[in-house]
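Please read them with the structure open.

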Amino acid sequence: RGKYIVALQAFSDVDLKFFIETAYKNGVDIFRIFDALNLQRNIVKAIDYAREIGAKVQPVIHYTVNFPRGVEGYVKLAQALIARSGDALDALVVKDAGGLLEPDAAYELVSALRAAGITAPIEIHTHETKGNRQLTLLEAIRANGKEYPIVVDLAIGENTLSSPYAQPDAEGFFTLVGGTNYWGKGGEENFRSRLRKLGRRI
């Protein structure tokens with residue numbers, strides 16, 4: 001949460017730096033950094049501190065349908081955060097905490113990011129609140145094309161991590177993309193088998 005670390009109140013830069021250094025020493029090597037209001041000033045210090053210690057960063061666009069700067073504003077924010085991240089960049093994340101990113105909006109946003117020359121991996125993080133998250137992910141993938149990487153966050157196990165409001169179910173997603181050119185050649189059933197075993201363990 002940038003300056004808010006993992007709380008709902010802002011902390012000093014000293015506290016923020018200490019948290020990142022301590023987390024890194026204890027095995028956290030990728031930091032996903034966001035501000036709920038997309039205030040760049042609340043994000044950049046966390047990026048800087050993570051870079052200083054050799055960690056990777058995932059700067060975040062926090063999606064809302066009412067963002068006053070619109071898609072253009074999201075693109076400019078993404079460009080600034082990617083530039084600040086430098087060689088520490090792992091991926092640009094589109095975080096849809098409320099599950100509000102509709103399929104058409106996902107297509108428009110990802111298309112705009114790529115049209116602006118952003119070549120970094122894009123990661124889509126949404127929550128299953130409406131029943132149409134699979135389509136949102138698919139439209140994001142369609143908009144991205146095949147030239148640059150795109151990642152979608154999925155949950156495993158219908159009755160555990162994916163239900164009812166966490167990330168979309170992985171097996172359901174692969175059912176959706178089965179038979180399309182978004183699924184690689186071979187290994188589908190093997191993958192599903194491994195996915196079910198992992199789900200049972202969770």
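Are Phe67 and Tyr74 buried or exposed? Both Phe67 and Tyr74 are buried, where buried means under 20% relative accessible area, exposed over 50%, and partly exposed in between (1.4 Å probe, protein chains only).

1. Basis. This is a predicted model, in which local features need pLDDT of at least 70 and side-chain atom pairs count only at pLDDT 80 or more, while totals for chains, interfaces and linings use all residues. Residues are numbered from 1 along each chain as its sequence is written, and side-chain values use heavy atoms, with hydrogens and water left out.

2. Overall make-up. The protein has eight helices and five strands, taken as DSSP runs numbered from the N terminus (helices H or I, at least four residues; strands E, at least two). Their order from the N terminus is α-β-α-β-α-β-α-β-α-β-α-α-α. Of the 202 residues, 45% count as buried.

3. Sheet. The five strands form an open sheet in the order β1-β2-β3-β4-β5, with parallel pairing; two strands pair if DSSP finds at least two bridges between them. β1 (30-33) and β5 (150-152) are at the edges with a single partner strand each, so one side of each has no neighbour in the sheet. Between β3 and β4, which run parallel, there are five bridges, and Val93 stands opposite Glu123 in β4.

4. Leu113. Leaving aside residues up to four places away in sequence, Leu113 touches Ile61, Tyr74, Val75, Ala78, Leu92, Val94, Ile118 and Ile122, contact meaning heavy atoms within 4.5 Å.

5. Aromatic residues. Rings of Phe, Tyr and Trp (its six-membered ring) pair if their centres lie within 6.5 Å; planes under 30 degrees apart count as stacked, over 60 as edge-to-face and the rest as tilted. By this rule there are two aromatic pairs. The ring centres of Phe67 and Tyr74 are 4.4 Å apart and their planes are at 20°, so this pair is stacked. Ring pairs link Tyr63, Phe67 and Tyr74 into a cluster.
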